[in-house]
Amino acid sequence: MATPVLRLKVISPAATVYEGDVLRAVFPGGAGRFEVLPRHAPLLASLVKGRIAYTTPDGEAHEAAIDSGFVEVKDNVITACVEL
């Protein structure tokens, strides 16, 4: 059985920072850091200055620094609109 994955899109007004499949993602939320895993409940949250961390299906860990933004999680798709 294949490992479940999420589709992550991190976009800024200037460019697409990342678009692809991930196993997990961690965000700097206004109420603290939080993790999103496959089959996460629908969510809309504000983001604060910090780092978005995500792990790709090949096991590689990545980070993207942001200043602010918001994230939506729905049906295994994560869309983060951010300021860099």
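## Contacts, strands and loops in a predicted model

Biologist: Among contacts between residues at least 6 apart in sequence, what percentage join residues at least 24 apart?
Modeller: The model is predicted, and contact here means heavy atoms within 4.5 Å. Taking the contacts in the protein between residues at least 6 apart in sequence, the share that joins residues at least 24 apart is 44%.

Biologist: Which pattern does the protein follow when it is read along the sequence?
Modeller: The protein has zero helices, and its strands number nine. Read along the sequence, the pattern is therefore built from strands, with helices being DSSP runs of at least four residues and strands runs of at least two. Written out, the pattern of the protein is β-β-β-β-β-β-β-β-β.

Biologist: What radius of gyration does the protein have, and why can it be called as compact as a globular protein of its length?
Modeller: Along its principal axes, the C-alpha trace spans about 40 × 25 × 20 Å. For 84 residues the globule rule gives 12 Å, and the value for the protein is close to this, so the protein is as compact as a globular protein of that length. The radius of gyration is 12 Å.

Biologist: What percentage of the residues of the protein count as buried?
Modeller: A residue counts as buried when its relative accessible area is under 20%. The protein exposes about 4900 Å², of which carbon and sulfur atoms supply 54%. Of its 84 residues, the part that counts as buried is 36%.

Biologist: How far apart do the centres of the positive and negative side chains lie?
Modeller: The protein carries 8 positive side chains and 10 negative ones. Between the centres of these two sets, the separation is 3 Å.

Biologist: How many residues apart are Tyr18 and Tyr54, the two members of an aromatic pair?
Modeller: The structure holds two aromatic pairs. One of them joins Tyr18 and Tyr54 in a tilted arrangement, at 4.5 Å centre to centre and with 35° between the planes. This pair links distant parts of the chain, with Tyr18 in strand β2 (residues 16-22) and Tyr54 in strand β6 (residues 50-55).

Biologist: What is the phi of Arg39?
Modeller: Most residues other than glycine have a negative phi. Arg39, which lies in the loop between β4 (32-36) and β5 (43-47), is not a glycine and yet has a positive phi. Arg39 is also exposed, with a relative accessible area of 66%, and its phi is about 70°.

Biologist: Which residues does Arg39 touch, not counting residues up to four places away in sequence?
Modeller: Between the C-alpha atoms of Arg39 and Asp21, 18 residues apart along the chain, the separation is 14 Å. Once residues up to four places away in sequence are set aside, the residues that Arg39 touches are Pro4 and Asn76.

Biologist: Which residues does His40 touch, not counting residues up to four places away in sequence?
Modeller: His40 is found in the loop between β4 and β5, where, at 28% relative accessibility, it counts as partly exposed. The C-alpha atoms of His40 and Val73, which are 33 residues apart along the chain, are separated by 7.4 Å. Leaving out residues up to four places away in sequence, His40 touches Glu35, Val73 and Asn76.

Biologist: With which residues is Ser12 in contact, leaving aside its neighbours within four places in sequence?
Modeller: Ser12 has its place in the loop between β1 (6-11) and β2, and at 13% relative accessibility it counts as buried. Leaving aside neighbours within four places in sequence, the residues in contact with Ser12 are Val82 and Leu84.

Biologist: What distance separates the C-alpha atoms of Ala14 and Val82?
Modeller: Ala14 is found in the loop between β1 and β2, and it is exposed, with a relative accessible area of 74%. Ala14 and Val82 are 68 residues apart along the chain, and the distance between their C-alpha atoms is 9.9 Å.

Conventions. Residues are numbered from 1 along each chain as its sequence is written. This is a predicted model: local features need pLDDT of at least 70, side-chain atom pairs count only at pLDDT 80 or more; totals for chains, interfaces and linings use all residues. Side-chain values use heavy atoms; hydrogens and water are left out. The radius of gyration is taken over C-alpha atoms; the globule rule is 2.2 Å times the number of residues to the power 0.38. Buried means under 20% relative accessible area, exposed over 50%, partly exposed in between (1.4 Å probe, protein chains only). Accessible areas come from the Shrake-Rupley method with a 1.4 Å probe; for residues, only the protein chains shown count as cover. Lys and Arg count as positive and Asp and Glu as negative; His and the chain ends are not counted. The place of a charge is taken as NZ of Lys, CZ of Arg, CG of Asp or CD of Glu. Rings of Phe, Tyr and Trp (its six-membered ring) pair if their centres lie within 6.5 Å; planes under 30 degrees apart count as stacked, over 60 as edge-to-face and the rest as tilted.
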